[in-house]
Amino acid sequence: MSTHSTAGDPAAEAAAPATAFEDLPDRPTIRKAVAASAMGNATEWYDYGAYAVVATYIGTHFFPGEHATLLTMATLAVSFIARPFGGFFWGPLGDRLGRKGVLAMTIIMMSVATFCIGLLPTYETIGIGAPILLIVLRLVQGFSTGGEYGGAATFMAEYAPDKRRGLYGSFLEFGTLGGFALGASVVLVLQLVLGEAAMADWGWRIPFFVAGPLGAIGLYLRSKLDETPVYADLEDAGESEASATKGLRDLMVEYWKPMLTMAGLVIPLNVVNYTLLTYMPTYLQTKIGLGDNESLVVIIVGEVLMMALLPFCGHFSDITGRRPMWWFSLIGLFVLALPMYFLMGTGFVGAVVGFAVLGLLYIPQLSTISATFPAMFPAHVRFAGFAVTYNVFTAAFGGTAGTVNEGVVDSTGFLEFPAAYMMGACVIGMIAMLFVKETAGASLHGTEIPESEPQDFGSEAIAEEQAAMDACGR
């Protein structure tokens with residue numbers, strides 16, 4: 001920020017904001033970027049949400065036998081095997097060719113793979129070929145997701161104004177929870193309308209068909225946007241990577257420290273995320289004994305509350321910084337995970353309260369992902385740094401969360417193990433936080449790792465940027 005004063009010179013005062021903010025996209029463009037990113041994210045997580053809540057039906061049709069639920073959750077985990085490969089493929093490509101083209105490809109692959117699950121023949125029809133085809137589609141979905149999430153977060157972060165990146169970035173996670181909640185809501189409505197018998201027979205297929213129009217809307221929104229201003233500046237300066245291979249090599253050799261730090265945050269983020277949002281419907285039904293509809297109501301109520309708070313927490317992180325938000329979430333989850341799981345075991349009301357409390361404690365992490373993680377890498381390796389790190393550790397700890405929880409609870413009878421699992425992951429996150437730099441308000445332009453100065457963020461800085469953008473007619 002310049003220290004040159006324009007006080008007392010009306011012409012200079014009027015001109016200064018325009019100079020400082022002339023490269024920022026206007027508000028309609030930023031909103032389109034937010035919508036395009038969030039819609040792709042909603043499509044991605046709608047798939048996981050829908051799959052999780054119809055897991056018992058899928059198990060019946062594709063994995064007959066006493067371990068049907070465990071095998072169904074393991075198939076969900078299989079898709080995560082492909083995510084690191086997707087990260088290694090799409091990430092460097094996004095740094096070399098740009099964010100926009102890669103995101104168009106990933107949303108097409110995701111939505112088509114999810115749509116096709118609804119068309120699959122069952123084990124009764126083609127035998128072992130049915131679960132094999134299901135696994136193939138989950139792998140395709142995972143491979144495309146390997147580029148989608150990191151790309152969407154990078155895209156949104158590079159479009160957002162520096163001092164409001166937390167607010168705008170939170171809407172990407174609004175799409176995450178929106179996708180989960182939509183998946184659960186569609187299944188709930190179908191169960192109420194069609195009944196248990198029809199859902200078990202053929203109704204379970206319908207939720208997967210919804211991914212088609214969701215993907216089409218996301219693709220349309222993305223096609224209407226230009227490349228991000230940060231990447232465009234990188235290209236104009238001739239500082240983008242010469243090839244995807246060189247970009248990946250530069251990332252591994254020069255930026256392994258921020259990769260390790262980010263990995264320490266990705267572990268608790270994903271253990272909590274997939275334990276709460278993916279495994280919880282199965283847990284409430286098979287371990288706590290809630291009915292199908294009751295368990296879905298618990299999930300939907302909790303997710304709607306979380307969605308309502310996301311923008312506020314994102315905005316608050318622009319004022320206080322990202323680090324205090326993460327510390328609050330990690331410590332809160334560590335302290336309250338076990339008590340809330342005991343509470344959920346008392347019945348429907350306890351399950352609603354317990355899930356809501358854990359969800360609200362998770363929000364400070366979730367709301368700031370898109371502002372925190374892209375800022376851990378410089379622009380020329382940002383897509384790859386996010387995509388590779390996030391997907392490798394999501395595959396290892398997020399995709400396996402349902403299987404680990406189900407396996408341990410089944411074999412030991414320790415119903416509160418998911419809480420202990422989350423607590424252990426939070427300890428890892430707290431260790432990683434010791435090495436995290438504050439980046440609220442920092443610029444994402446250039447080939448240096450962003451880091452904010454104390455004056456770069458806070459309510460006064462946000463107000464100043466707002467006034468400057470208003471003066472520019474933005």
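**Second largest pocket.** I started with the second largest pocket, whose volume is about 290 Å³. This is a predicted model, so I kept to local features at pLDDT of at least 70 and side-chain atom pairs at pLDDT 80 or more, while totals for chains, interfaces and linings use all residues. Residues are numbered from 1 along each chain as its sequence is written, and side-chain values use heavy atoms, with hydrogens and water left out.

Points are joined across faces, edges and corners, and a volume is the space filled by probe spheres set on them.

I counted 13 residues in the lining of this pocket, with Pro258, Thr261, Met376, Phe435 and Lys437 lying nearest its centre. Helix α14 (residues 256–288) gives the largest share, four residues; helices here are DSSP runs of H or I, at least four residues, numbered from the N terminus. By class I get eight nonpolar, three polar and two charged.

**Cavities.** How many cavities of 30 Å³ or more does the whole structure hold? I found two. The largest has a volume of about 60 Å³, and its lining includes Trp45, Tyr149, Glu173, Asn270 and Tyr390. α8, α14 and α17 (348–366) are the elements that give two or more residues to this lining, and α14 has the largest share with three. The classes come out as seven nonpolar, three polar and one charged.

The second largest cavity is about 30 Å³. Among its lining residues I noted Met73, Phe80, Tyr274, Gly398 and Thr403. α4 (68–97), α14 and α20 (401–412) each supply at least two. This lining has five nonpolar, five polar and no charged residues.

**Cores.** Next I looked up nonpolar cores (buried Ala, Val, Leu, Ile, Met, Phe, Trp, Tyr and Cys joined through side-chain atoms within 4.5 Å). The largest has 108 residues, and Leu276, Met280, Leu284, Tyr341, Leu358 and Phe373 have the most contacts inside it. α14 gives the most to this core, 16 residues. Another core, of seven residues, lies apart from it and includes Ala157, Tyr231, Ala379 and Leu444.

I then checked Met280: beyond residues up to four places away in sequence, Met280 touches Thr275, Ile299, Tyr341, Met344 and Phe355. Contact means heavy atoms within 4.5 Å.

**Leu172.** This residue is in helix α8 (residues 165–194). Is Leu172 buried or exposed? It counts as buried because its relative accessibility is 0%; buried means under 20% relative accessible area, exposed over 50%, partly exposed in between (1.4 Å probe, protein chains only). Its contacts, leaving aside neighbours within four places in sequence, include Ser37, Asn41, Tyr149, Met156 and Ser370. From Leu172 to Leu358 I get 186 residues in sequence and 20 Å in space, C-alpha to C-alpha.

**Helix α2.** Last entry: 21 of the 27 residues of α2 are buried, so I call this helix mostly covered. Its residues 27–53 should span 39 Å at 1.5 Å a residue, and the end C-alpha atoms, 37 Å apart, agree with that. The expected span is 1.5 Å times one less than the number of residues.

Conventions:
1 Å grid on protein atoms, 1.4 Å probe; cavity = no way out; pocket = protein on both sides within 12 Å on 5 of 7 lines; lining within 4 Å. Nonpolar A, V, L, I, M, F, W, Y, C, P; charged D, E, K, R; others polar.
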